[in-house]
Amino acid sequence: MSANIPIVSDISVEERCASLLTAFRNHCVESSEKPNILIRVPLRICPLGAHSDHQGGVVTGLTINRYIDMLVQPVESSEVSVFSLVYGERRQATLHEAPIKTPGDWGSYLQGVVRVFGEMFPQATRGFKGIVQGTMPIGGLSSSAAITIAYSK
């Protein structure tokens, strides 16, 4: 995994947004367009260390003050494009032609959401371009759930 921008967790929301905006301009736009949507999804922990209670009870996941942040700009085409600051890579799909999941690839979550959205809303024509970064290293804090929620918004 290559990280172009270090994982940052102890800076203010304003500083994170400014950093993401700069990165968005560097990786996502060819003009002076600005993203107009900030999506912030908290990471969470499960006190029992599992996603289900094997005794049939309810497991309460607790959010923590660490996040997945994504800046997004809607586009007039059906293209969806996300640049990951953690991986230093971009993944793309279209609403009606999302590639099949690639095991072990961070873009599989994007592809899955785009595929389901395209199937549920076949008349959809607007995609988005965005940039994503987390405040913690990947894994262990429901980061896959958080990124799936971010893409779904």
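Let me begin with a definition: a residue is called buried when its relative accessible area is under 20%, exposed when that value is over 50%, and partly exposed in between, using a 1.4 Å probe and protein chains only. What we have here is a predicted model, in which local features need pLDDT of at least 70 and side-chain atom pairs count only at pLDDT 80 or more, while totals for chains, interfaces and linings use all residues. Residues are numbered from 1 along each chain as its sequence is written, and side-chain values use heavy atoms, with hydrogens and water left out.

I will start with the overall layout. The protein has three helices and five strands, where helices (H or I, at least four residues) and strands (E, at least two) are DSSP runs numbered from the N terminus. Read from that terminus, the elements run α-β-β-β-β-α-β-α. If we take contacts (heavy atoms within 4.5 Å) at a separation of 6 or more, residues 24 or more positions apart account for 70% of them.

Now to the sheet. Five strands form an open sheet with mixed pairing, in the order S1-S2-S5-S3-S4, two strands being paired if DSSP finds at least two bridges between them. Strand S1 (37-45) and strand S4 (89-94) stand at the edges, and each has a single partner strand, so one side of each is left without a neighbour in the sheet. From one strand to the next, the twist averages 20°. Helix H1, residues 13-27, packs on this sheet and touches S1, S2 (62-75), S3, S4 and S5 (127-134), with its direction making about 130° with that of S5; axes here are lines fitted to C-alpha atoms, for helices over the stretch in contact, and angles run from 0 to 180 degrees between N-to-C directions.

Strand S3, residues 79-84, pairs with S4 in the antiparallel sense over six bridges. These two strands form a hairpin with four residues between them, and in the turn Gly88 has a positive phi of about 70°. Within S4, Arg90 is the bridge partner of Phe83, and Arg91 is that of Val82.

Which residues of the largest nonpolar core touch the most other members? In this 22-residue core they are Met70, Val82, Leu110, Val114, Phe128, Val132 and Tyr151, a nonpolar core being a set of buried Ala, Val, Leu, Ile, Met, Phe, Trp, Tyr and Cys residues joined through side-chain atoms within 4.5 Å. Two or more residues each come from S1, S2, S3, helix H2 (108-120), S5 and helix H3 (143-152), and H3 gives the most, with four residues. Apart from this core lies another of eight residues, including Leu20, Phe24, Leu71 and Leu85.

Helix H3 deserves a moment of its own. Its Ser143, Ala146, Ile147, Ala150 and Tyr151 are buried, and, seen down the helix axis, the buried residues fall within an arc of 135°, so they line one face of H3; the arc is that of the directions from the helix axis to the C-beta atoms. These buried residues pack against S1, S2, S3, H2 and S5.

Finally, Val116 is found in helix H2 and, at 42% relative accessibility, counts as partly exposed.
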